[in-house]
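The exercises below concern aromatic rings and their surroundings. Work through each task with the structure open, then compare with the solution.

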Amino acid sequence: MVNADAYELGTNRSCIRELFEYGLMRARVVGKDQVYDFSLGNPCIPAPEEVRQTIETLLRETDSLTLHGYTSAVGDYETRQAIADDLNRRFDAHAQAEDLFITCGAAPGLCAVLGGLSVPGGKVLALAPYFPEYKPFTLGAGLEFDDVKADVPAFQIPFDALKEALTPNVVALIVNSPNNPAGTVYTRQTLSRLSALLTEKAAEFGHPIYIISDEPYRELVYGDAKVSFIPKLYKDTIVCYSYSKSLSLPGERIGYVYVPSAASDSKAVYGAVAGAARKMGHVCAPSLWQKVIARCTALRPDLLSYDRNRRALYEGLTEMGYTVAKPEGAFYLFVKAPNGDSIAFSRLAKSHDLLIVPGEGFGCAGWVRLCYCVSYDTIMGSLPIFKKLMDTL
Ligand code: PLP
């Protein structure tokens with residue numbers, strides 16, 4: 001006998017993984033350069049050279065027991081202090097090492113925060129379109145999950161609908177800006193309005209409503225768009241950060257949770273996050289990577305190639321008549337299926353070896369996601385296929 005929900009989750013591969021595996025198979029048959037795979041958000045710019053140099057220095061200069069031993073469960077003090085210093089320098093955050101919990105990336109950070117906030121009957125909201133894993137993470141933490149559909153095609157916060165959805169059992173709202181899959185970045189003005197709404201509702205309900213700010217794409221922003229640091233605008237914000245995308249280290253599993261000391265019940269929240277992580281088997285984040293991060297907090301990605309891809313794809317598709325959400329951050333493009341049926345459109349594209357993900361899993365049927373962290377050649381090679389599909393439909 002096994003757990004039915006776990007079996008279902010473990011054996012039903014996500015649509016994204018399904019397409020990615022299909023792309024690998026097709027590449028073996030028709031050649032890699034004939035497959036236009038926009039399925040998976042795997043960074044395609046290398047980690048900064050300083051990361052390699054730091055690893056080499058650490059391997060040379062640090063004794064093996066220190067380098068590879070367990071660290072404190074919350075993370076090395078030096079790493080937490082270095083991250084706090086970085087947040088203070090950049091955002092005047094007033095962060096301290098004691099507010100930080102080092103995780104194996106954003107995903108386990110989100111699970112620990114959700115587990116820490118889980119109370120009987122509690123509910124978490126996400127703004128659709130959203131990262132599909134939010135749902136299993138939330139349900140797995142024993143909380144209800146619901147989404148609030150964004151205003152289309154701007155993909156901004158639908159304030160009236162959100163107000164309706166904020167019922168007394170809502171304990172948190174997940175915010176992801178820059179957004180996967182729409183590439184949206186919320187302005188300071190939008191976030192201030194959100195802060196006012198949540199403050200009003202929290203006062204009405206007599207308990208805090210936390211923002212869980214999922215920020216793996218914080219540094220991936222283009223043009224004039226600015227990513228606001230949400231704890232400065234809404235004190236009850238818990239940040240989940242990751243170096244997966246910002247330093248192109250997704251397989252190394254390193255990130256953090258930041259519980260600002262100004263947040264309501266911050267000590268209790270921090271303790272509950274640590275306890276929830278412990279229940280999930282967290283022992284400590286990889287020791288070597290903690291030490292690398294302690295020396296690399298100031299590094300930022302070189303976004304030139306992502307930006308070039310973003311512009312080529314956005315302009316190319318828009319000129320062909322596609323409706324495209326204007327991407328200001330992350331590395332995704334959200335495109336309206338010309339026939340309104342994202343599953344059929346994705347299937348048709350797949351028959352041309354163009355792999356794009358239907359929006360259903362993101363809570364947004366009728367749209368498809370393209371991940372543009374691919375080579376420029378892939379972008380250029382895909383455009384005639386998009387044109388053909390548009391002409392067919
Ligand atoms: N949140 C969002 C919005 C993501 O897109 C991803 C990964 O793609 C994650 C969280 C998980 O990030 P990590 O690899 O750091 O666990």
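**Exercise 1.** Name the members of one aromatic cluster and state the number of aromatic pairs.

Solution. Phe 38, Tyr 322, Phe 345 and Phe 386 form one aromatic cluster. The model is predicted: local features need pLDDT of at least 70, side-chain atom pairs count only at pLDDT 80 or more, and totals for chains, interfaces and linings use all residues. Side-chain values use heavy atoms, without hydrogens and water, and residues are numbered from 1 along each chain as its sequence is written. Rings of Phe, Tyr and Trp (its six-membered ring) pair if their centres lie within 6.5 Å; planes under 30 degrees apart are stacked, over 60 edge-to-face, and the rest tilted. By this rule there are 20 aromatic pairs.

**Exercise 2.** Classify the pair of Phe 155 and Trp 367, and locate both residues in the chain.

Solution. The ring centres of Phe 155 and Trp 367 are 4.8 Å apart and the planes stand at 85°, so the pair is edge-to-face. Phe 155 is in the loop between β4 (144–149) and α8 (159–165), and Trp 367 is in strand β12 (residues 367–371), 212 residues apart. Helices (H or I, at least four residues) and strands (E, at least two) are DSSP runs, numbered from the N terminus.

**Exercise 3.** Are Phe 155 and Trp 367 buried or exposed?

Solution. Buried means under 20% relative accessible area, exposed over 50%, partly exposed in between (1.4 Å probe, protein chains only). Phe 155, at 2%, is buried, and Trp 367, at 4%, is buried.
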